[in-house]
Amino acid sequence: MNEKMQRFLDTCTDSDPFLVVDVDIVERNYLELRRLLPLARVFYATKANPAEEIVERLAGIGSSFDVASPGEIDLCLNSGVTPDRISYGSTIKKKTDIAFAYGKGVRLFAFDSDAELEKLAAAAPGARVFCRVLMECEGAEWPLSRKFGCSPRMAADLLVRARKLGLDPYGISFHVGSQQTDLSQWDSAVAQVAQMFTILHDEDVDLRMINLGGGFPARYRSDVPALEAYAQAITQAMTKHFGNNLPEMIIEPGRGLVGDAGVIQAEVVLISRKDYEDDRRWVYLDIGKFSGLAETMDEAIKYRLLTPRDGGPTGPVSIAGPTCDSADILYEKADYQLPLDLAVGDKVRILSAGAYTTTYSSVGFNGFPPLKSYCI
Ligand SMILES: *Cc1c(COP(=O)(O)O)cnc(C)c1O
């Protein structure tokens, strides 16, 4: 944690849990990705953290944006983003929302089905469209599963049909799964896409763009490969499968830009045991699954925790949130250890919490306020 962040946390007198994001770190992460992948246009996945300060900063240094709703489109436009820097990357859109985007000048849309293509043809005539293909997401800590994308052979048919419907079949997208630590995933994905470019070329459809999605990591409890290694895996995959004929490249980092830029400060509400001989303590925090830590679902994302008593002896704990819902347990199986002298009232800092937290927070379950956020 840098000095600026440390100072803010030490002097903040908030009694409710909050997230603080250092926007300079977001900027640095963006510039680093640009440096490592100079041929790729960066579309920030707005949903990862839509704080105005973050969107404005990224807008100011040239980023483009991946959005999924009229709300996110307005957010971007109000932050000075021109519509040619917006990609409507959700494959699940209402026709009225497509029309809204089109009316605002957005001309780039994702789809993964025939029915969505029909909607696009009607509400966004002539727009550039790209088809999302299904990925296995193996190795990802937060897989995006089978919900998005279609098989390559269906995607090829749909792209041919897109042209018949008066749309511009622009390219293909995939997402290897969020917090992806298996770098070989990009190679197999790019291989599939390159093959589709060839198949479609034979159908007289010349695609121009590959959208490599997100998947770039934040540093949670386990180590992750360096960003350089990600960039290298992507660059190697592109040259191996496309040779000198590189298409336009798009990446859509969310977690990788904002995750490590944020810290949550929470407080210990209760420490207890379930029986006299239990050596496992239950540590209840004033933040849980319903106030921002939804990605602890199935203990998928394992945040690093700091306490004021680190350094001394530790013991096993289960960690839970404050609400009256038994689903509100953060970690029971993931072998978390906390200091034996941890006490009620201690502040707990949750590191790398800048992505997918504030917006996952409920509006007031059990009367607890939504997660506050500061940008510094
Ligand atoms: C959420 C999302 C992303 C961002 O994924 P990260 O793994 O957080 O980088 C990128 N693209 C699309 C289409 C998304 O829905």
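Predicted model: local features only at pLDDT ≥ 70, side-chain atom pairs only at ≥ 80, totals over all residues.
To set up the selection, colour residues 23–256 as domain 1 and 260–375 as domain 2. The centres of domain 1 and domain 2, taken over C-alpha atoms, are 33 Å apart. About 1900 Å² is buried between the two domains, and carbon and sulfur atoms give 55% of that area.

Next, select helix α2 (residues 23–36) together with helix α3 (residues 52–60). Their axes lie 10 Å apart, and the helices pack at an angle of about 40°. Look along the pair to see α2 pass α3 in a right-handed crossing. On the α2 side the contact is made by Val23, Asp24, Val26, Glu27 and Tyr30, and on the α3 side by Glu53, Ile54, Arg57 and Leu58. Coloured by class, the residues of this contact divide into five nonpolar and four charged, with no polar ones.

The last stop is helix α5 (residues 95–103) with helix α6 (residues 114–123), whose axes come within 9 Å. The two axes cross at roughly 40°, and α5 and α6 are therefore oblique to each other. The crossing of α5 and α6 is right-handed. Select Lys95, Ile98, Ala99 and Tyr102 of α5, then Glu116, Lys119, Leu120, Ala122 and Ala123 of α6, to display the residues that make the contact. By class, the contact of α5 with α6 has six nonpolar residues, three charged and no polar.

Key:
Residues numbered from 1 in each chain as written. Heavy atoms only, no water. Axes fitted to C-alpha atoms, helices over the stretch in contact; angles between N-to-C directions. Helix = DSSP H or I, 4+ residues; strand = E, 2+ residues; numbered from the N terminus. Left-handed = near helix turned anticlockwise from the far one by under 90°. Contact = heavy atoms within 4.5 Å. Nonpolar A, V, L, I, M, F, W, Y, C, P; charged D, E, K, R; others polar. Parallel < 35°, antiparallel > 145°, perpendicular 65-115°, else oblique. Domains from an automatic or database assignment. Buried area = accessible area lost by both parts, 1.4 Å probe.
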